[in-house]
Amino acid sequence: MQTDERIRRARPDDVPAIVELVYGLAEYERAPDECRLTADQLQTALFGETPAVFCHVASVDGEVVGCALWFLNFSTWRGVHGIYLEDLFVSPDQRGSGLGKALLTALAQECVANGYERLEWSVLDWNTPAIDFYKSLGAAPQDEWTTYRLTDKALAKLGS
């Protein structure tokens, strides 16, 4: 298994750069006002007492220029965990350098090494460059599923 030396697990001192990348992704996805992530929140999620989120970063010349934030999910049908990729983002000036593929490769290696049977993520329907990229890697869209989400007032109403 060959590894790309530009890719590694995130460290606590990477948190500010990762937060900046997440905000860059929100801007790219045309939803900058929806992103409220703070460095303290991410620090706790990644490196707190019970981490539930994990991250790989892409680093060029000592600077974090890409990230893949992920967490474990579970398939009841397969009976094993998988990885859900929450965010994949590479700085615009580094796109086309192979870092996106290298980050996904690192997650695929994580799956294989740990017996996880799925690597899944969502992509916006209008994001044709990302869709084309994912298809070039052999990823298949799950068109038969529709994602539903409860947030804000609807979540509070149902939960009270």
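**Loops, strands and turns**

Student: Is Tyr148 buried or exposed?
Tutor: The relative accessible area of Tyr148 is 75%. Buried means under 20%, exposed over 50% and partly exposed in between, with a 1.4 Å probe and protein chains only. At 75%, Tyr148 is therefore exposed.

Student: What kind of model is this?
Tutor: Residues are numbered from 1 along each chain as its sequence is written, and side-chain values use heavy atoms, without hydrogens and water. Local features need pLDDT of at least 70, side-chain atom pairs count only at pLDDT 80 or more, and totals for chains, interfaces and linings use all residues, since this is a predicted model.

Student: Where is Tyr148 placed, and how many Å separate it from Ala45?
Tutor: Helices (H or I, at least four residues) and strands (E, at least two) are DSSP runs numbered from the N terminus. In these terms, Tyr148 belongs to the loop that lies between helix H4 (128-136) and helix H5 (152-159). Along the sequence, Tyr148 and Ala45 are 103 residues apart, and their C-alpha to C-alpha separation in space is 24 Å.

Student: Is Ser91 buried or exposed?
Tutor: Ser91 also has its place in a loop, the one between S4 and H3. Its relative accessible area is 13%. Because of that value, Ser91 counts as buried.

Student: Which residues are in contact with Ser91, leaving aside its neighbours within four places in sequence?
Tutor: Contact here means heavy atoms within 4.5 Å. With the neighbours within four places in sequence set aside, the contacts of Ser91 are Leu21 and Val65.

Student: Why is strand S2 described as largely enclosed by the rest of the structure?
Tutor: Strand S2 covers residues 54-60, which makes 7 residues in the strand. The description is applied to S2 because the number of these residues that are buried is 5 of the 7.

Student: How many bridges join S2 to S1, and how many to S3?
Tutor: Two strands pair if DSSP finds at least two bridges between them. S2 pairs with S1 in the antiparallel sense over 3 bridges, and Ile7 stands opposite Ala58 in S2. With S3, where His56 faces Ala68, the pairing of S2 is again antiparallel. The counts are 3 bridges to S1 and 7 bridges to S3.

Student: In the hairpin of S2 and S3, which turn residue has a positive phi?
Tutor: The hairpin leaves 2 residues between S2 and S3. Val60 stands opposite Glu63 in S3. The phi in the turn is about 50°, and it belongs to Asp61.

Student: In what sense do S3 and S4 pair?
Tutor: S3 spans residues 63-75 and S4 spans residues 80-90, with 10 bridges between the two strands. The sense of the pairing is antiparallel.

Student: What is the phi of Gly79 in the turn between S3 and S4?
Tutor: S3 and S4 form a hairpin, and 4 residues lie between them. Gly79 sits in this turn and has a positive phi of about 80°.

Student: In what sense do S4 and S5 run?
Tutor: Strand S5 consists of residues 119-121 and is joined to S4 by 3 bridges. Ile83 stands opposite Leu119 in S5. The sense in which S4 and S5 run is parallel.

Student: What is the phi of Arg30?
Tutor: Most residues other than glycine have a negative phi. Arg30 lies in the loop between helix H1 (15-28) and helix H2 (39-47), and it counts as exposed because its relative accessibility is 61%. Arg30 is not a glycine, yet its phi is positive, at about 65°.

Student: Which residue in helix H5 has a positive phi near 50°?
Tutor: The residue is other than glycine and has its place in helix H5.
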